[in-house]
Amino acid sequence: MSLFEDLKSKLTYLEEPQIAQIYKAYAFASEAHEGQKRDSGEPYLIHPLAVAIILADMHLDQDSIIAAFLHDVVEDTSIGKEKIISAFGTPVAELVDGVTKLSQMEFLSRAEVQSESFRKMVLAMSRDIRVIIIKLADRLHNMRTMGSLAPDRKRRIASETLDIYAPIASRLGMHEICVELEELSFAARYPHRCKILQEAVAKMRLERQQIVDEIEKNIFTALTAHSLQKFTILPREKHLYSIYRRMQRYHFSFKEATNNYSFRILVPENDICYLVLGIVHSLYKPILGKFEDYIAIPKFNGYQSLHTSLFGQEGMPIELQIRTYAMDSMANHGIVTHWFSVNNKDKDEDIGDPQLRAQRWITNLLEMQQSTAGSLEFIDNVKTDLFPDEIYVFTPRGNIVELPKGATVVDFAYTVHIDVGNTCVAAKIDQQFIPLSTVLKSGQTVSIITTPEAKPNPAWLNFVVSGRARSSIHNFLKTQKHSDAVELGKELLEKSLADLGSSLSAISVNTLKSILTEWHMQKIEDLYGDIGLGNRIPIFVAHHLISDGSPSLEDKTKLTQVESVKPLIIKGADGMAVSFAHCCYPIPGDQIVGYLQAGHGLVIHKKDCTTLEKLNCKSEMYLPVLWADDVKGEFISAINVEIANQRGALAALAHAVSAAEANICDVRVQERSSGYSLVVLLVQVKSLSHLERILRHISNIPTVIGVTRAKG
Ligand code: MN
């Protein structure tokens with residue numbers, strides 16, 4: 001009973017019957033874990049009890065505290081979910097289930113596994129954020145009591161905490177827990193470095209005490225002189241892990257990483273924050289560009305405060321955070337402050353809505369998940385969003401848009417709306433035209449110019465930083481590929497029908513319907529897409545349509561006579577369902593042939609491509625193709641150069657290619673024994689005559705022995 005008293009003294013915010021339920025959970029867990037011991041040798045029950053106490057300190061509701069008692073029951077004992085449902089109801093069982101699932105995940109084993117875990121974690125969170133908070137409390141107690149574990153296990157758990165749980169706590173605005181998790185993990189992960197920093201900080205504390213006292217006294221006197229009465233001045237010390245991180249990230253020395261005095265001033269009301277700001281700015285000279293107003297523009301996780309830096313004694317800056325008591329509580333406990341705290345329920349303070357912010361974060365993650373194919377892609381997106389360093393820019397109407405640091409105009413466009421992103425062509429910052437790849441800075445006003453027929457450019461993927469923009473662009477390109485395939489498939493089918501003296505419009509609706517049903521397709525576009533991707537042969541489909549679904553022997557013999565088919569015209573390098581073979585690299589001017597390759601669509605080869613000959617392909621997959629007269633775009637061609645091994649030889653080669661107005665995409669050098677090398681160049685060319693010009697330029701280089709176009 002005495003163990004429970006510790007918890008009970010903290011449950012004053014709950015009613016008697018609720019506390020009785022919690023006691024029932026305590027007794028339940030006590031029986032379930034009977035005889036089990038922790039690694040330290042204590043009875044196992046100590047752990048769930050401690051987790052419950054952490055949650056009671058946050059004033060979480062009774063279901064969360066009951067779930068805290070039961071959180072290891074399902075995993076460690078023979079008791080199943082049903083038993084928990086019958087004893088405590090479904091909501092508690094769901095919470096326990098969520099925490100159990102999170103605990104069973106092996107983070108950090110492989111990236112793929114890790115992202116899968118993230119996915120589940122996010123899903124669990126979106127269903128009930130209490131699952132994550134219970135898990136954080138669980139992890140916190142485990143970190144506090146990991147003393148008896150083996151060193152490598154300690155390190156693994158500490159890394160996992162630093163990589164996953166501390167950032168999530170931070171993201172939910174739970175600063176206190178985040179800091180404690182970081183400090184404990186740092187000590188477990190890097191015990192030696194931690195000890196050295198600890199000693200350095202203790203030494204520094206002694207050296208600085210006098211100045212710290214003096215600054216505090218000055219501020220106190222100034223505030224009192226302005227007849228302020230209720231305020232708190234807190235001298236602050238950076239925690240060890242944050243000093244360590246600064247040293248790592250900016251290659252700072254210890255001195256540089258701790259080169260300031262730091263205070264927090266707490267006051268009762270918003271307005272007084274600005275009053276205090278004015279007072280300290282007249283007491284010490286403010287450092288230009290160091291002022292941040294997170295009261296007007298809160299951070300992603302709801303954090304609010306004024307930040308400023310002042311010139312202090314001997315040039316050592318004084319960093320100040322000025323905020324209300326409510327903001328401070330919010331900054332320490334984040335999402336928990338307003339969401340769960342029963343006592344605060346009827347208070348209506350306007351300090352931002354952590355619940356809304358957390359939910360928006362989760363919604364964003366889910367949105368990305370839905371439009372993203374692979375798990376690996378997903379974790380990239382999530383990682384970007386878990387470690388935010390945000391900037392704020394304005395729409396022309398003055399709305400604030402939050403973006404990750406490094407975000408470009410295209411990220412901004414996608415944040416405004418997916419359609420704005422997909423159709424943006426140009427942009428203005430503060431009325432000046434700027435490129436779409438421009439990196440945005442806080443405070444800029446960005447306006448986007450769109451045109452309805454514009455499309456996302458795959459090259460944007462090289463510079464966008466937000467997960468939302470990245471997955472939207474990927475998604476568009478995927479859809480685009482499909483619609484290109486549909487278009488090509490329709491064209492190919494029309495041609496085949498024409499060769500058989502028919503046309504699409506001549507096929508009856510019923511015939512079409514029955515064939516689509518036979519092939520398990522919903523709409524005619526599915527059939528076109530299948531043809532365009534090379535999964536079905538257009539001439540067979542055409543026969544099938546004409547003969548009403550029953551190919552006769554006569555039809556099959558006809559198939560061998562379709563040599564007269566009118567060729568398909570290749571207009572350029574753009575369409576994504578048409579690609580150019582990497583064995584022979586056909587370019588405009590070459591004799592070419594099309595080959596329908598399953599899953600790849602139409603692949604264009606040179607007519608004399610030896611690779612194609614060797615493949616022994618089915619004749620019905622070949623399509624006659626011709627270059628359009630005005631074919632556009634750049635095509636890749638391969639050139640073999642035999643060159644003497646001399647200093648500067650490759651540079652001369654690169655120069656010759658660019659003098660012929662072409663780009664090199666790839667260079668492969670094969671050393672030959674006799675002082676010569678074979679260089680294979682992939683260059684972008686417009687046509688056969690362009691290629692010939694490049695070959696001439698190369699052959700004029702004195703060190704070149706021979707140059708030819710590579711044969712496929
Ligand atoms: Mn546990």
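Lys24 lies over the face of Phe88, 5.1 Å from the ring centre. A charge counts as over a ring if NZ of Lys or CZ of Arg is within 6 Å of the ring centre and within 35 degrees of the ring normal. This is a predicted model: local features need pLDDT of at least 70, side-chain atom pairs count only at pLDDT 80 or more, and totals for chains, interfaces and linings use all residues. Residues are numbered from 1 along each chain as its sequence is written, and side-chain values use heavy atoms, with hydrogens and water left out.

**Manganese site**

- His47 (NE2), His71 (NE2), Asp72 (OD) and Asp138 (OD) coordinate the manganese ion at 2.2 to 2.4 Å. Donors are N, O and S atoms within 2.8 Å of the metal (3.2 Å for Na, K and Ca); water is not among the atoms, so sites may look incomplete.
- Along the chain, the donors of the manganese ion follow the spacing H-x23-H-D-x65-D.
- His47 lies in helix H3 (residues 46-57) and Asp72 in the loop between helix H4 (62-70) and helix H5 (73-76), so the pair ties together parts 25 residues apart in sequence. Helices (H or I, at least four residues) and strands (E, at least two) are DSSP runs, numbered from the N terminus.
- His47 is buried at 1% relative accessibility. Asp72 is buried too, at 7%. Buried means under 20% relative accessible area, exposed over 50%, partly exposed in between (1.4 Å probe, protein chains only).

**Aromatic pairs**

- The structure holds 15 aromatic pairs. Rings of Phe, Tyr and Trp (its six-membered ring) pair if their centres lie within 6.5 Å; planes under 30 degrees apart count as stacked, over 60 as edge-to-face and the rest as tilted.
- The Tyr190 and Tyr244 rings have centres 5.5 Å apart and planes at 40 degrees, so this pair is tilted.
- Tyr190 is partly exposed at 22%, whereas Tyr244 is buried at 10%.
- The charged end of Arg189 sits over the ring of Tyr190, 4.8 Å from its centre.
- The Phe580 and Trp627 rings have centres 5.9 Å apart and planes at 10 degrees, so this pair is stacked. Both residues are buried.
- Ring pairs join Phe4, Tyr23, Tyr26 and Phe69 into a cluster.

**Four-stranded sheet**

- An open sheet has the strand order E17-E18-E16-E19, with antiparallel pairing. Two strands pair if DSSP finds at least two bridges between them.
- Strand E17 (663-671) and strand E19 (704-709) are the edges, each pairing on one side only.
- Strands E16 (residues 635-644) and E18 (residues 676-685) pair over ten bridges.
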